[in-house]
Amino acid sequence: MPVFISSTLIKTMVDNGNVIDHCPAQIYYVNISKAYRFETEPMLLGNLFEHKALDMPGRAPSVPKDIRTGKHKIGTQRLLEQAEVFKNDCKENQIQVVPGINTQVVIVKRWEKDPRIILKGKLDLFPTTFLNAETAELELSIIDLKSTGNVENTFGKFGWGNPEAIDHIQAVLYSYLVKDIDFELNDKYVPDNYLRDLFTDDVRKAIKHDAYSFRYMIYDRSKNMGKQILNVRMNNARYAQMHESIRKVVSYIEQYNQIGWPTYAHNGCKDCPVLQCKDRKMEITI
C-alpha cells in the first residue's frame, strides 16, 4: 500500500525542517484514516474565501455566524468582499481562472527517494499566466490563495508580516509536484482529471527549464482589508529541506505503524476532533 504525503501532513509533524510536538493518534485519525475532520474557524473561512474567489461550483462551505443576528460575522463579510478584490487583481495581473478546470488541481507524484511514497497536493490555481511587475512579462505561475486575520501580523506560524519565518513547504512541494508529470500515476489516483489538457507542450517546456513561479496571494479580514502577493523563489536548498522533511515524516510514520499510533498529550489537544480520547489534555502549558 502506498503512503500519501501532503504538505498538511508534513506541517503537522515538521516546521522549517524541525520535528515539532504532535500526537500520532491524532495524525492517524485525521490525516491517515480520515475518520475525523480537523476544521478550525479560520480554516472554514479560508475554504469559503477560496470557493467565492475561484467561482467554484457547488454550495459554498458553511461558516459560523453571529449568534445574535444569525448573519455573517464582520470578518466573513470582509472576506467575501476580498473575494471580489481578488477577481479584480486577476484582471490587473492577467491571471487566468477557469473554474473547475485549472482550479483546485490535484496532482500526485512518486517521491524520487522512495517510490512507495506518493506526494500529493491540491493547487488552488495552475497553470496560469502572471504579469511580472519587475520584468513586465507574462510568466507561468502556481498561485495559492490564503486568508488571514491581518497580513501585517508577525507572530505565529501564519505571520505573513514576517514571511521569512514561515515554513514554505507547501510552496516547495507544489513546485516539485508539477515537475515531470506522470499522467498514468495521476489517472490511477486522481480519476477524471484534466491534467493532459493543462500540461500542454508549452507548459511542460517551461517547467523543464524552471521558467515558472509560485506565488501566495494573501487577503485579510481586518478593517484595512489588507492584501499581499508573495513570490517564493525556489532553490536547491529549499528542495533539499523539503526532501529531508519528507524523510522525517516517513520515518515517523513507519515507527508509528509498528507501535500502534499511540497518543501524545500536548497543547494541540484543545483543538483535536477526537473528543473521546482518554489522554486528552485540556490544560495549556506555556
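Helices (H or I, at least four residues) and strands (E, at least two) are DSSP runs, numbered from the N terminus. The model is predicted: local features need pLDDT of at least 70, side-chain atom pairs count only at pLDDT 80 or more, and totals for chains, interfaces and linings use all residues. Residues are numbered from 1 along each chain as its sequence is written, and side-chain values use heavy atoms, leaving out hydrogens and water.

Q: How many helices and strands make up the secondary structure of the protein chain?
A: The C-alpha trace of the protein chain spans about 55 × 55 × 35 Å along its principal axes. The secondary structure of this chain comes to nine helices and eight strands.

Q: What radius of gyration does the protein chain have?
A: The radius of gyration is taken over C-alpha atoms, and the globule rule is 2.2 Å times the number of residues to the power 0.38. For 286 residues, a compact globule would have a value near 19 Å. The protein chain agrees with that expectation, since its radius of gyration is 19 Å.

Q: What percentage of contacts between residues at least 6 apart in sequence joins residues at least 24 apart?
A: A contact requires heavy atoms within 4.5 Å. Among the contacts in the protein chain between residues at least 6 apart in sequence, the share joining residues at least 24 apart is 64%.

Q: How many of the nine residues of helix 5 are buried?
A: Buried means under 20% relative accessible area, exposed over 50%, and partly exposed in between, with a 1.4 Å probe and protein chains only. Across the 286 residues of the protein chain, 44% count as buried. Helix 5, residues 169-177, is mostly covered, and its buried residues include I169, L173 and Y176. The number buried in this helix is nine.

Q: Against which helices do the buried residues of helix 2 pack?
A: Helix 2 covers residues 24-32, and its buried residues are P24, A25, Q26, I27, V30 and N31. The partners of these buried residues are helix 1 (7-13) and helix 9.

Q: Which residue with a positive phi follows helix 2?
A: Helix 2 comprises residues 24-32. After this helix comes a residue whose phi is positive, near 55°. That residue is K34.

Q: Which residues does H243 touch, not counting those up to four places away in sequence?
A: H243 lies in helix 9. Its relative accessibility is 14%, so H243 counts as buried. Leaving out residues up to four places away in sequence, H243 touches W111, E112, K113 and Y176.

Q: What is the distance in space between D182 and R215, C-alpha to C-alpha?
A: D182 is placed in the loop between helix 5 and helix 6. With a relative accessible area of 31%, D182 is partly exposed. D182 and R215 are 33 residues apart in sequence. In space, C-alpha to C-alpha, they are separated by 24 Å.
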